[in-house]
Amino acid sequence: MSRLVSGPGATGGVVLVTGAAGLVGTQVCRELLARGRTVLALVHRVATLADADGPVHSPRLHILRGDVTREGLGLSAEDAALAEAADTVVHAAATTDFAAPQEVYDTLNVGGTRHVVGFATGTGARLVHVSTTYLCGRFENVAGPAATFTEAMLDEGQPFDNGYEESKSRAEAEVRRAGARGLDVAVVRPGIVCGHSRSGRLREYRNLYLVLKLITEGKLRTLPGRYGATLALAPIDLVTRVIADVVTTGVTGRTFHAVGADEITLRDVSDVLAEYPCFHVNTFVPTASFSPDQLGRRERLYYDRVGRDYTAYFDRTVRFGTTNVRLLLAETGGDLPASGPDLLRRLVDDCLRTGYLADGLPDVDTVVAAHAGAGTGGVR
């Protein structure tokens, strides 16, 4: 049977990370290894971990194959014996696709969380659940424009714009119920995960990045939205740090919004894109006056296949409370990074450096195929 390796400088803690091959999961594994933890990386298909800095290697890194949609996390007997040594579980496995079939949300985002809760309950491990700030849904419909969705809130009667938001709310409710039954739990809610706060670097470009690509290439020229709408960007290094800080401090019973210090408006986004001569800049029009039927055939294809899934985020002015996360970072010697126009410039510059932007794809099918995950869209 395999044995866990702690190595020099290790604290002795063992952390099981689900979704370890995903964008957030991989960097969480790297950070926890750097902090001396032994990491059990639960993967479904990918056998190695790699982020924007390259492959992740350590004698304290153990790759386990499993499936959170199955009881016992789909682990073999040998891997299950290793996993039972974990004192903490970081649950980062989920689909982040806004247009996945309902069955995927039910089995992966909700059912997967239920199975992870069952595993943590059975082993006595603490659970750190990775959620999303955007389970706020249409909170403005309940509380009014520019209302603040706090870290303590969950079900405020808000309607949802897609199955992803609704599934993440249901999943977090599973975690809260487990906490009420005595399981030690903490929740981290990232905003829109984006590149590093200083370098702009990111391993892969999904979700908002795809919309930016289609906008700057002139494939989405008109979109419903309002220039005063706000986006809550979450640099990947902030998300990683908050999760790792929650793990290493041992805090339980609290929720943390991992978002940058500043909201960025759609006016800011348009102004930044206009600084780049190679880019097209789209026009946002009021939702009430927007009709896809007025778009040309090619643009209508892009809107129907991609743009439609993201337009709800161009019409919100919700703010996110950050009391808990600021206290956590103050305790560990950090602070929320700036996340306004300067961050967006760094993200755009990184995309230009890698050729992601200003390097057009030929048609909508190629765009969708290039950015869709293996069957279920983006998986964190």
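Welcome! Start by selecting R353, which is exposed, with a relative accessible area of 56%. You are looking at a predicted model, so treat this as a tour of a prediction.

The side chains of R353 and D350 meet in a salt bridge, 2.6 Å from N to O. Both belong to helix α11, where they are three residues apart, or about one helical turn.

The largest share, four residues, comes from α11. The space inside is about 110 Å³. To find its centre, select L208, Y209, L212, L344 and L347, the closest of the 14 lining residues. What kind of residues make up the lining? There are 14 nonpolar ones, with no polar and no charged residues.

Next, move to helix α5 (residues 163-180) and pick E166 and R170, four residues apart. Their side chains form a salt bridge of 3.5 Å, N to O. E166 is partly exposed at 25%, and R170 is partly exposed at 30%.

For another pair, select R326 and D335, whose closest N and O atoms are 4.0 Å apart in a salt bridge. Here R326 is partly exposed, while D335 is exposed.

Finish at T133, in the loop between β7 (126-130) and α4 (140-143). Is T133 buried or exposed? It is buried, with a relative accessible area of 0%. Its contacts beyond four places in sequence include R189, H257 and F320.

Notes: Residues numbered from 1 in each chain as written. Predicted model: local features only at pLDDT ≥ 70, side-chain atom pairs only at ≥ 80, totals over all residues. Heavy atoms only, no water. 1 Å grid on protein atoms, 1.4 Å probe; cavity = no way out; pocket = protein on both sides within 12 Å on 5 of 7 lines; lining within 4 Å. Points joined across faces, edges and corners; volume = space filled by probe spheres on them. Helix = DSSP H or I, 4+ residues; strand = E, 2+ residues; numbered from the N terminus. Nonpolar A, V, L, I, M, F, W, Y, C, P; charged D, E, K, R; others polar. Buried < 20%, exposed > 50% of the residue type's maximum accessible area, 1.4 Å probe, protein only. Contact = heavy atoms within 4.5 Å.
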